[in-house]
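Let's walk through this model together, starting at a ligand and then stepping out to the helices. Have a look at the sequence and the structure before reading on.

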Amino acid sequence: MLQNTSENWGSLAKGFHWLIAILVLGMIALGFIAQDTPRGPLRVELFTWHKSTGLLILSLMTLRLLWRLVNPVPILPPSLKGWEKFVAHLTHWLLYAALFVMPLSGYTITSAANVPFKFYKLVPVPLLVPPDRALSHQAADVHEWTAWFLIGLLGLHVAAALRHHFLLKDDVLTKMLPGTRTGGSET
Ligand code: HEM
Ligand code: HEM
């Protein structure tokens, strides 16, 4: 089923989760690699892919957030303590926030530095703000600190998913896997 229920994630939410997960992990690696590449055509090429995929993630996150807001969400196992549920929800919303701050700060770095680029070398991307060197540096700081914050959150997130599966032995992780449908009377 496309939509979520209070028991299961629908295929669209799972699709968003895994597509964005793969893109973001790739983007973190690509960001560090591009930054360490000496100035030249290879660096420009790597950053064109980085920036284009970043804007793709921004569009996907916008659709994902809208979909999330109009859908029920599977409830966490009732056996979890109040603070565990609180930390789970907090981590998820912080992930959402970081996945908007990353592309928007990246877009601000490039725009304020007045470095235009074409989306996947095809469509010219308008600059978000007028040239402003100081703003570009501030946005670069935000981009870098948010990247480290995101890496920390992802470590916590994956550890929590593995804890659910291997220690608590509940169905929180399997529910997010493609094609899996657990519990409830949904068809
Ligand atoms: C989810 C989306 C994104 C992720 C996870 C991401 C991740 C990263 C990472 C890990 C770095 C290296 C560390 C640092 O920030 O200095 C980086 C650098 C950079 N990213 Fe992104 N990025 C994203 C989106 C974007 C977008 C949309 C743009 C521009 C349109 C962009 C432009 C840049 C630039 C210009 C740098 C180099 C910054 C510097 O040299 O100080 N990024 N990114
Ligand atoms: C690679 C291993 C990963 C595993 C095993 C995993 C597992 C899960 C699971 C089981 C859930 C559902 C939790 C629940 O029922 O409340 C979830 C939700 C979520 N995951 Fe992941 N995840 C992974 C990677 C990622 C990555 C890389 C990102 C971010 C780019 C991410 C972002 C999210 C978000 C934002 C939610 C909340 C969904 C919502 O409430 O709409 N995950 N993940």
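Which atom of ligand 2 lies 2.8 Å from a polar side-chain atom of His-157? It is a nitrogen atom of the ligand. Keep in mind as you go that this is a predicted model.

Arg-68, in turn, puts a polar side-chain atom 2.7 Å from an oxygen atom of the ligand. With a cut-off of 3.5 Å between N or O atoms, these pairs count as polar contacts.

Now widen the view to the whole shell. Ligand 2 is surrounded by 19 residues, and the closest of them are His-17, Arg-68, His-92, Tyr-96 and His-157. By class, the shell holds 14 nonpolar residues, three polar ones and two charged ones. Where do they come from? At least two shell residues are supplied by each of α1 (11-36), α2 (41-69), α3 (82-112), α4 (133-167) and α5 (172-176).

Two of these helices deserve a visit of their own. The axes of α1 and α2 come within 9 Å and cross at roughly 155°. An angle over 145 degrees counts as roughly antiparallel, so α1 and α2 are roughly antiparallel to each other. Their contact is made up of 20 nonpolar, six polar and two charged residues. As for handedness, α1 passes α2 in a left-handed crossing.

How values were computed:
Residues are numbered from 1 along each chain as its sequence is written. Chains are lettered from A and ligands numbered from 1 in the order in which they are written. This is a predicted model: local features need pLDDT of at least 70, side-chain atom pairs count only at pLDDT 80 or more; totals for chains, interfaces and linings use all residues. Side-chain values use heavy atoms; hydrogens and water are left out. A residue is near a molecule or strand if one of its heavy atoms lies within 4 Å of it. A polar contact is a pair of N or O atoms within 3.5 Å; within protein, one must be able to donate a hydrogen and the other to accept it, and residues adjacent in sequence count only if both atoms are side-chain atoms. Helices (H or I, at least four residues) and strands (E, at least two) are DSSP runs, numbered from the N terminus. Ala, Val, Leu, Ile, Met, Phe, Trp, Tyr, Cys and Pro count as nonpolar, Asp, Glu, Lys and Arg as charged, and the others, Gly among them, as polar. Axes are lines fitted to C-alpha atoms, for helices over the stretch in contact, and angles run from 0 to 180 degrees between N-to-C directions. Angles under 35 degrees count as roughly parallel, over 145 as roughly antiparallel, 65 to 115 as roughly perpendicular and the rest as oblique. A crossing is left-handed if the near helix is turned anticlockwise from the far one by less than a right angle, and right-handed if clockwise.
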